[in-house]
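Subject: Handing over a structure

Hello,

Here is the structure I promised to pass on. Please open it first; my notes follow below.

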Amino acid sequence: LPAGVKLICERMREAGYFTANVRQLPADVGFKGAGKTDWNFQSPEKPFDSDQWDDLKSHQPFYAQLNFQETHRTFHAPPHADPAKVEIPPYYPDHEITRKDWAQYLDAATELDRKIGQVLALLKRDGLMENTIICFVGDNGAAHVRAKQFCYEEGLNVPFILSWPSGIPAPAGYQSGTVSDRLLMSIDLTATSLSFAGIAKPSGMQGQVFLGHAAEPARQYTFGARDRCDETVFRLRTVRDARYRYIRNFTPDRPFLQPNEYKQKQYPVWNLIQELAAQDKLTPEQAPLAAPTMPEEELYDLETDPHQVKNLVRSEEPEHRRALERLSGVLTA
């Protein structure tokens, strides 16, 4: 990493925190942490002090992360969701393969919820619940064809839940039991977590503190990108505000369904779309996924078109033209 750039666990350790990437939980819990890092850079020799849950009770204060893999393919959770009753987004074919795959994904999320419940029970059992800040966050969007690795809402909008403990005064801006419409980026969680620990935001850190006395003004825009994933190369850039998402494609000559070995093996709907396209059985909302090229620009009104199937780039509506000019300018500034 460049000089001066450190992992959050390093900064927490320097401030007196015990750090852990928990793999080993008490035997009666019945599962282990995934221990995932996937940093894609050379890590410190010992980024964490421990991988044992039981070490947290005797080392305080602590900064610990616990990773789960349930909603990562391949799904293998107990079945609960009825494929016949799931709601399929309009950009996927309503087919038995799609419904089965969607139901298995929901089952995986249900299993994840069960395990999170066990972790919360552990915190209570070990007397840690009243002084532990809990952040639940996903690392990418849904593991579906048009979601993860792409720049639509379903690819970039990730779950985030923050639970503040009763034993510590809540920071300014925190309201229990509410949903905030503030625009956040994942990097903001790093800056805010450091602030919770009394650590000033390092110079050059682009994340913004969003709660507490050091909170910064709310973002007007959030940004995203996609380049090479596995062996498949795209160059996509995106920006959104409270209402619109704009996507700029620098590789429009390439099809959405570029060859990708992982997707072809793990995403049954990936192959289904190609088969139905060959049979001319895709709806207008689904057909763009199988087209030989992609739009250079896309603009979506997330209030009226939450599934992003109506590209407004060529709309003559003044409001749409203004949104396009503003967001494209922000993205290329």
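Start with the backbone. Thr74 sits in the loop between β3 and α3 (96-125). (Helices, H or I with at least four residues, and strands, E with at least two, are DSSP runs, numbered from the N terminus.) A cis peptide bond joins Arg73 to Thr74, with omega about 5°. Another cis bond links Gln60 and Pro61, where omega is about 0°. Pro61 is in the loop between α2 (55-58) and β3 (62-65).

A word on the model. It is predicted: local features need pLDDT of at least 70, side-chain atom pairs count only at pLDDT 80 or more, and totals for chains, interfaces and linings use all residues. Residues are numbered from 1 along each chain as its sequence is written, and side-chain values use heavy atoms, without hydrogens or water.

Most residues other than glycine have a negative phi, and most peptide bonds are trans. Asn40 is not a glycine, yet its phi is positive, about 65°. Asn40 lies in the loop between β1 (18-24) and β2 (50-52). Asp280 also has a positive phi, near 55°. Asp280 belongs to the loop between α7 (268-278) and β9. Are these residues buried or exposed? Asn40 is exposed, at 78% relative accessible area. Asp280 is exposed too, at 71%. (Buried is under 20%, exposed over 50%, partly exposed in between, with a 1.4 Å probe and protein chains only.)

Next, the sheet. Four strands form an open sheet in the order β6-β7-β8-β9, with antiparallel pairing. (Two strands pair if DSSP finds at least two bridges between them.) β6 (222-229) and β9 (297-301) are at the edges with a single partner strand each, so one side of each has no neighbour in the sheet. β7 (residues 232-240) and β8 (residues 244-249) pair over five bridges. In β8, Ile247 is the bridge partner of Thr238.

Last, the cavity. How many cavities of 30 Å³ or more does the structure hold? It holds one. (On a 1 Å grid over the protein atoms alone, a cavity is a set of points where a 1.4 Å probe fits but cannot get out; lining residues have an atom within 4 Å of a point.) The largest cavity has a volume of about 40 Å³. (Grid points are joined across faces, edges and corners, and a volume is the space filled by probe spheres set on the points.) Its lining includes Phe150, Arg226, Phe234 and Trp270.

Best wishes

Conventions
1 Å grid on protein atoms, 1.4 Å probe; cavity = no way out; pocket = protein on both sides within 12 Å on 5 of 7 lines; lining within 4 Å.
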